[in-house]
Amino acid sequence: MSEKDIRETFDRLDQNKSGGITPNDVIKGLYLLRYHPTDLEEADIKHNLRMTDGLVTYEEFESVISSWIKGVSYESQLFMEAFSKVDKDNSGYIDKDELRTWLKRKDHEWTAEDEEDLGDLFNDADVNHNGKVEYNEFVKAFCGEEL
């Protein structure tokens, strides 16, 4: 995301060219830039905005957007690292054997119940039912996030 993209988004939201936008416009800006905060994240962003005369300046908008992008990038990096720990053959997906191996790495005696739980866990994660858990399915199932 470039500074130019952020500037163009701000200018698009600042329809009356006053140099300021509303807190709701900041959230609209995130969506225009293809970021999708949760309701809780939206409330947090609005709560922490520094405003001048009830409006958000370009500088504040740019700061919020840049911070958001850095946070999303860091989170994505963590998800990818977690995925890579399970995807031992670097195939780009996780099969049931890889998930079993990763889960069994603890000093725990594997039981029939564990095997059943593994099947349920894997089937829940394998949304498209192709016998593989791709990265986006992994993030949704195991990290509780939507890509």
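Contact is taken here to mean heavy atoms within 4.5 Å. The model is predicted, and local features need pLDDT of at least 70, side-chain atom pairs count only at pLDDT 80 or more, and totals for chains, interfaces and linings use all residues. Residues are numbered from 1 along each chain as its sequence is written, and side-chain values use heavy atoms, with hydrogens and water left out.

The protein chain contains seven helices and four strands, where helices (H or I, at least four residues) and strands (E, at least two) are DSSP runs numbered from the N terminus. Along the sequence these elements follow the pattern α-β-α-α-β-α-β-α-α-β-α. The chain is more spread out than a compact globule, because its radius of gyration is 21 Å, well over the 15 Å that the globule rule gives for 147 residues. The radius of gyration is taken over C-alpha atoms, and the globule rule is 2.2 Å times the number of residues to the power 0.38. The C-alpha trace spans about 65 × 25 × 25 Å along its principal axes.

Of the 147 residues in the protein chain, 32% are buried; buried means under 20% relative accessible area, exposed over 50%, and partly exposed in between (1.4 Å probe, protein chains only). The chain exposes about 9,700 Å², with carbon and sulfur atoms supplying 48% of that area. Accessible areas come from the Shrake-Rupley method with a 1.4 Å probe, and for residues only the protein chains shown count as cover. Among contacts in the protein chain with a separation of 6 or more, 48% are between residues 24 or more positions apart. The mean positions of the 18 positive and 35 negative charges are 5 Å apart. In this count Lys and Arg are positive and Asp and Glu negative, while His and the chain ends are not counted; the place of a charge is NZ of Lys, CZ of Arg, CG of Asp or CD of Glu.

Helix 2 (residues 23-32) has P23, D25, V26, I27, G29 and L30 buried. The cover over these buried residues includes helix 1 (3-13), strand 1 (20-21), helix 3 (39-48), strand 2 (56-57) and helix 4 (58-86). In helix 3, I45 has a relative accessible area of 11% and is therefore buried. Leaving aside neighbours within four places in sequence, I45 is in contact with V26, I27, L30, V64 and W68. The C-alpha atoms of I45 and V56, eleven residues apart along the chain, are separated by 12 Å.

In helix 5 (residues 96-103), the buried residues are E98, L99 and R100. At the start of this helix, a side-chain oxygen of D95 reaches to within 3.1 Å of the backbone nitrogen of D97. The side chain of D97 is also joined to that of R100 by a polar contact of 2.6 Å. A polar contact is a pair of N or O atoms within 3.5 Å; within protein, one must be able to donate a hydrogen and the other to accept it, and residues adjacent in sequence count only if both atoms are side-chain atoms. R100 counts as buried because its relative accessibility is 18%. Apart from neighbours within four places in sequence, R100 is in contact with W110, E115 and L118.

Two further residues of helix 5, K96 and L103, also touch L118. K96 is partly exposed at 29% relative accessibility, and L103 is partly exposed with a relative accessible area of 29%. Not counting residues up to four places away in sequence, K96 touches L118, G119 and F122, whereas L103 is in contact with W110, L118 and L121. L103 and L118 are 15 residues apart in sequence and 8.7 Å apart in space, C-alpha to C-alpha. For K96 and D114, 18 residues apart along the chain, the C-alpha separation is 13 Å.

Most residues other than glycine have a negative phi. Just after helix 2, R34 takes a positive phi of about 70°. D53, in the loop between helix 3 and strand 2, is not a glycine but has a positive phi of about 55°. With a relative accessible area of 79%, D53 is exposed. H129 has a positive phi near 55° and lies in the loop between helix 6 (112-125) and strand 4 (133-134). At 65% relative accessibility, H129 counts as exposed.
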